[in-house]
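Colleague: Hey, I'm new to this one. Can you walk me through it?
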Amino acid sequence: MRHEKMDPSCGEAVLDIAGLNVRARSGNQWHPIVSDVSLTLRRGEILGLVGESGSGKTTIGLASLGFARTGCAFAGGEVRFKGQDLLRMAPAARRALRGDRIAYVAQSAAISFNPARTLMEQVIESVVDRGTKSRAEARADARALFRLLHLPDPDRIGDRYPHELSGGQLQRVMAAMAMLPRPDLVIFDEPTTALDVTTQVEVLSAVRELVARFGTAAIYISHDLAVVAQLAHRIMVLRHGRLVEEGETRKMLAEPQEPYTRSLWAIRTFAKDSLPASDVLLEVNGVSASYGSLKALDNVSLTLQRGRTVAVVGESGSGKSTLARVVTGLLRANGGEIRFSGETLAASAKSRTKLQLQHLQIIHQSADASLNPLHKVREVIGRPLEFFFGLTGAQRERRIVEILEQVELGAEHLDRLPSEMSGGQKQRVCIGRALAAEPALMICDEATSALDQLVQEGILKLLTRLQQEQQISYLFITHDIATVRAIADRIVVMHRGRVVQEGPKDEVLAPPYPPYTKLLLSSVPEMDPDWLDRLLASRKQAVSDKAVS
Amino acid sequence: MIALLIAKRLGLGLVTLFIISLIVFFSVQLLPGDVAQAILGRTAPPEAVAALRTRLGLDLPAHVRYLQWAGGLFQGDFGDSLANRRPVLDLLSERIGNTFFLAAVSACIAVPLGLILGLASAIYRSRPFDHATSLAALLAISVPEFLTAYILVAIFAVELGWLPAVSMVQPSQGILDRFILISLPAATLALGVIAYILRMTRAAIGNVLSSPYIEMAKLKGVSPYRLVVRHALPNALSPIINVVLMNLAYLVVGVVVVEVIFVYPGLGQLLVDSVSKRDIPVVQACGVLFATAYILLNLLADVLSILANPRLRRPRGGV
């Protein structure tokens, strides 16, 4: 309905980008990262920018504020904001527009707020510094916005520091910060990507409410088409810094013209069939664990069979990563038992046998954080070969290449450093490192969450093939339901440190659902522009039904 | 929570002090030569040397002597000087005031200047001002202290004749005279300290400036001055506090060379004199005193760093 209210062809142009070119430097060479992109945005209009990482969508978002990151430079074109070219403006004049007429909401609020200052100081900073509002007025307005965004304890939440709030709360505080000066244009740069699906719904509805209320023009950047479809009037698809296709949201969803756009739409159709039961490899019995006085796992039990995959799903804080830390022995459990290949595992990794360590490997979410930036691929994969099998010299070299081929890389990657590879290649190297130990069990802790959808699909296919060939079991920790659909045999749903549901994939993903599973599944965005409206309406209905009864 | 952290640091400080007292005591024992022989001279008869050894307690086993010495320290008894039989405490208290005076004057010049110049070069980074301060700081650090001292003496005492070349303060002198007397040693010390604090402040802020929240502040239109002072500085406090207090510690204990050059009657000179005279009780007392100053200032640095970090001050879940 909101789409019908809007007529994008009328109204003044707030932002007018014409023939924008941006280039980036690597070493001594400049290469283009945005080529000849043009767009027009009118008052009250939301434009969705969609693309994989490296498509230039964030660069275009930042260019809308006349900003280029270090190592990047504008190489032509115009960025006109209400007629003024931001690229050819005095720095002080540009600064006066930022945070006042043009606002930005960053991808990860958790790292974009200054950790040493309270939230209120940061929220009201730009209006108070400019003297548009007095400190007291700005504070009162901020509290009103916090209330509008359904933040808890809106009168006092501003006195907290960023580390005292959850990611979803911070993202809403950042939206309030952006809206405080009542800007003409807001850039939302993947504001929900770092959030759980359940929190994402809250932030999405908050963003929509704000923009509609103040009639602000907005650019909404995301790699997730289903998310953009809930908000945007128009969608632009980008690839390699170029425009692929542009159109009105419903039309783009219904009849995409370009093959690349269609491939984006078709992503995540990969799903493997559930396999029959096999013998038990890992048994977790009544395990509890805590961080200090905070209980993170409460009587958790699950079993994993040889050559099968158990997906552990839940939002952040549900204890799924803690479970991985307990199984690998990085965190001691306070109670319960873990059995692996028929033996009881010691609580601490230090007390486990070398064979147990070898057979239980882990792949982390961030390949960047788990690869030493100074180690070449040869060392990364060679080290476990030497440590567990005593391989050296030509023998070791041969085996490294074999493993690289298993993860669909090749001998040409032997001398690469992590910085010389893409995100997907780095995650393949991490998988190779785990494979080198010839494990029986791999724990994948959000192993594909940081990757683009097309790359994710490739990694999931690789993991499935390796499972078939080598009978490896996966304990796959994820918050992403599409990933679960693709790879799981059984599913464990966790909430606040407890297992709330456990069963074969087809049972858990089919009704009737227990309440939490229902909430989780209904929060996954669908490729339908009316999904959010329907969801919010049905939740409102559920709340009022409860109030009546 | 914070009280516990501070108590832990304090406990660690005491353990460190204990270990240092062991090192100070036993390393002095390793020095070649015999104290009694040194006092009486090479030509002294063996019987006299043996009698002196007994009187000084040098014939007792080392651990007994350590316990006696450490026990004395707890009661404020540092023993008597071997050279002139006066209590070590009296010798120290004559000098300690002078050392702290020089350290305090140097610190009052160096700390604010170092911080302000460091902040300024962070604000004007990669501009001519930044290049000039960086070069000057590098020079100040690379030139050894004694050379800096002699250069300053050559210019301000010998050539221009504005300031005295030696700093022999007397108890009878007024405060103004003292300031004039110590201006050159204070300047020598301050130059090095300014340079260290400047470089560390600039580097600490430079690290923070690449953070996402700084980019966010830029996108909010924050001015370059506020960007550094309001957004970057609070997050760079911990390393800055540490380098400032390390330099304060250096001003107290690292003044040996400067005191000797300017013939300034402070602890450093006392230490040098006592080493050459083999006056072991004084050397040991100076060692323990310097170590205590170092530990206290480091403790202070830890506590201030904790207080400067809201994540430690207000841990999650405790709200």
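Modeller: Helices (H or I, at least four residues) and strands (E, at least two) are DSSP runs, numbered from the N terminus. This is a predicted model, where local features need pLDDT of at least 70 and side-chain atom pairs count only at pLDDT 80 or more, while totals for chains, interfaces and linings use all residues. Residues are numbered from 1 along each chain as its sequence is written, and chains are lettered from A and ligands numbered from 1 in the order in which they are written.

Colleague: OK, which residue in β19(A) does A:Leu441 stand opposite?
Modeller: A:Ser473. Strands β18 (residues 441–445) and β19 (residues 473–478) of chain A run parallel, joined by five bridges.

Colleague: What's the strand order in that open sheet of chain A?
Modeller: β17-β18-β19-β14-β20-β21, six strands with mixed pairing. β17 (360–363) and β21 (498–504) of chain A sit at the edges with a single partner strand each, so one side of each has no neighbour in the sheet.

Colleague: Which strands does helix α12 of chain A lie across?
Modeller: Helix α12 (residues 320–328) lies across β14 (309–313), β17, β18, β19 and β20 (490–495) of chain A, at about 150 degrees to β18(A). Angles here run from 0 to 180 degrees between N-to-C directions, with axes as lines fitted to C-alpha atoms, for helices over the stretch in contact. Helix α21 (residues 515–522) of chain A packs on the sheet too, touching β14, β20 and β21, and makes about 100 degrees with β20(A).

Colleague: Switching topic: how many residues of chain A are in contact with chain B?
Modeller: 23 residues of chain A, meeting 17 of chain B. Contact means that the C-beta atoms, placed from the backbone, lie within 7 Å. On the chain A side, α3 (91–97), α4 (109–112) and α5 (119–130) each supply at least two residues.

Colleague: And within chain B, how do α5(B) and α6(B) cross?
Modeller: The axes of α5 (residues 88–123) and α6 (residues 128–142) of chain B come within 8 Å and cross at roughly 140 degrees. That's why α5(B) and α6(B) are oblique to each other; angles under 35 degrees count as roughly parallel, over 145 as roughly antiparallel, 65 to 115 as roughly perpendicular and the rest as oblique. Residues making the contact include B:Leu117 of α5(B) and B:Phe129 of α6(B).

Colleague: Last one: what's the mean pLDDT of chain A?
Modeller: 87, with 96% of the residues of chain A at 70 or more. pLDDT is the predictor's confidence in each residue, from 0 to 100. Over residues 1–8 of chain A the pLDDT is below 50.

Key
Two residues are in contact if their C-beta atoms, placed from the backbone, lie within 7 Å. Two strands pair if DSSP finds at least two bridges between them.
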